[in-house]
Amino acid sequence: MCNHVFIAKLIPWDLLMENIQNSLPIEMKIHLSTVTVKLKNFTENKINPPIKWIENSLILIEACLDRTWEILNSGYWQSVPIEYRYCYSLCVILKAVVLEFQYESNPREARKNIMLLKNIVQQVDKGILLGAPFPNVPILLPNIASKLNETIESFETSNLQKLIINSKDLHNTVLSGFTEITRYNEPSMELFYKTMFMPQVPAILTGCIKHWKALDRWQDLSYLSKIAGNRIVPIEIGSRYTDEDWSQQLFTFSEFLQKHILKKNDKVGYLAQHQLFDQIPELKEDFMVPEYCSFTDNDSIESPDINAWFGPEGTVSPLHFDPKHNLLCQVFGYKRVILYHPNDSSNLYPYDTKLLNNTAQVDPLSPNYEKWPEFSKAKGWIGYLKPGEMLYIPPKWWHHVTSLSPSFSISFWWN
């Protein structure tokens with residue numbers, strides 16, 4: 001009897017069947033619906049599937065995953081049909097359940113059990129990263145991953161140290177030719193609206209997030225590792241995304257901490273612009289969306305896009321702009337930010353390619369005036385972001401960001 005399976009019991013099987021009928025490619029629908037119906041019956045009747053059926057089902061699911069993977073990796077990501085991303089999510093869910101049943105049919109010692117759970121949670125994370133959330137059960141994959149991680153945590157301990165960052169060695173001087181970004185201490189909603197939001201003027205805001213638990217908790221790498229250590233995250237390899245040798249790789253969060261945060265690495269690794277808190281919602285309990293995000297340029301009120309930025313000293317976001325309002329909040333570490341007004345766009349020499357047309361070719365810290373002569377006309381602002389501070393960046397303002405130490409930031413983008 002399958003008394004100990006818990007992934008299978010988390011699945012709303014009838015809702016999953018609706019998605020198969022309405023959202024999957026025809027070539028996958030027949031195969032995967034058959035497996036889903038069988039798993040539903042095994043779960044509801046508390047029956048262990050035959051070992052041969054488990055083996056054959058894993059082969060079938062892997063074949064569907066391989067085929068879906070081919071589609072996901074052909075051409076531009078934005079042009080991938082959404083039904084294939086749904087298919088990838090479904091395959092990952094079914095594979096996780098079948099692997100769990102496989103363990104139930106042949107229990108092993110605790111250590112091997114944990115290795116199996118780690119394998120499953122990492123499969124689920126790939127579904128979160130590459131698949132698409134089902135419309136009628138959007139948080140199914142994150143819920144499965146969180147429950148799995150809780151089980152793994154109960155068997156493991158982490159002994160990583162708390163990050164100690166020496167701010168005395170950090171430079172915070174206003175470089176020649178730049179104007180210092182204005183700073184405000186706990187500005188009222190009215191002051192923010194009138195002085196910054198409406199005229200679209202950047203500013204550094206202090207004292208506004210001092211209540212965040214993340215400010216203290218996230219410097220404790222054991223805490224982060226306990227919550228996220230076994231989870232798969234996308235890491236940018238290389239100092240900046242405009243470099244020719246820049247790439248992205250998947251790491252477990254623990255691997256990322258060990259290779260790129262706790263020790264020097266020849267290649268900079270950066271967890272950049274990642275919706276980590278949708279993937280691992282437990283971390284959302286440690287911070288709050290700033291009230292300033294409630295101001296809007298239109299009548300509709302939408303939740304902001306929340307992204308994580310975590311990396312060692314030396315990460316660089318090249319000079320670029322974003323189309324939305326941005327509050328860049330510093331959890332720990334120090335960053336230098338350089339800003340330019342949208343009116344200076346032509347003086348910053350944006351790339352003329354579709355993918356990089358929001359990125360400048362010129363490096364504001366080491367400009368080549370012979371190659372980019374008009375850059376001498378641009379007026380730059382500079383500021384240093386410290387733990388517990390946040391920077392308001394209005395839409396289309398150009399910004400260049402450098403980490404002066406190991407650093408964790410959260411950005412809130414909204415219209």
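A polar contact, as I use it here, is a pair of N or O atoms within 3.5 Å; within protein, one must be able to donate a hydrogen and the other to accept it, and residues adjacent in sequence count only if both atoms are side-chain atoms. I am working on a predicted model, where local features need pLDDT of at least 70, side-chain atom pairs count only at pLDDT 80 or more, and totals for chains, interfaces and linings use all residues. Residues are numbered from 1 along each chain as its sequence is written, and side-chain values use heavy atoms, with hydrogens and water left out.

**Entry: Arg-85**

I looked up Arg-85 and found it in helix 5. Helices (H or I, at least four residues) and strands (E, at least two) are DSSP runs, numbered from the N terminus. The Arg-85 side chain comes to 2.6 Å from the backbone oxygen of Gly-131. Next I checked contacts, meaning heavy atoms within 4.5 Å. Beyond neighbours within four places in sequence, Arg-85 contacts Leu-72, Trp-77, Val-80, Leu-130, Gly-131 and Ala-132. Arg-85 and Ala-132 are 47 residues apart along the chain, yet their C-alpha atoms are separated by 5.1 Å.

**Entry: Ser-105**

Ser-105 also lies in helix 5. I class Ser-105 as partly exposed because its relative accessibility is 27%. The scale is relative accessible area: buried under 20%, exposed over 50%, partly exposed in between (1.4 Å probe, protein chains only). Not counting residues up to four places away in sequence, Ser-105 touches Ile-51 and Ile-54. I also took its separation from Trp-381: 276 residues in sequence and 64 Å in space, C-alpha to C-alpha.

**Entry: nonpolar cores**

A nonpolar core is a set of buried Ala, Val, Leu, Ile, Met, Phe, Trp, Tyr and Cys residues joined through side-chain atoms within 4.5 Å. The largest has 54 residues, and Leu-32, Leu-39 and Val-124 have the most contacts inside it. Several helices give two or more residues to this core, among them helix 3 (26–44), helix 5 (82–105) and helix 6 (110–130). Helix 5 gives the most, with 15 residues. I then followed Leu-39: leaving out residues up to four places away in sequence, Leu-39 touches Trp-13, Trp-53, Leu-94, Val-97, Val-98 and Phe-101. A second, separate core has 47 residues, including Met-196, Leu-224, Ile-237 and Val-331.

**Entry: the sheet**

Two strands pair if DSSP finds at least two bridges between them. I traced an open sheet of nine strands with mixed pairing, in the order 2-3-12-9-14-7-6-4-5. Its edges are strand 2 (183–185) and strand 5 (247–252), each pairing on one side only. Strand 4 (residues 232–237) pairs with strand 5 in the antiparallel sense over six bridges. Ile-237 has Ser-247 in strand 5 as its bridge partner.

**Entry: Ser-411**

Where is Ser-411 placed? I found Ser-411 in strand 14 (residues 407–414). Is Ser-411 buried or exposed? Its relative accessibility is 1%, so Ser-411 counts as buried. The side chains of Ser-411 and Trp-309 are joined by a polar contact of 2.9 Å. Aside from neighbours within four places in sequence, Ser-411 contacts Asp-305, Ile-306, Asn-307, Trp-309, Asn-326, Leu-327 and Leu-328.
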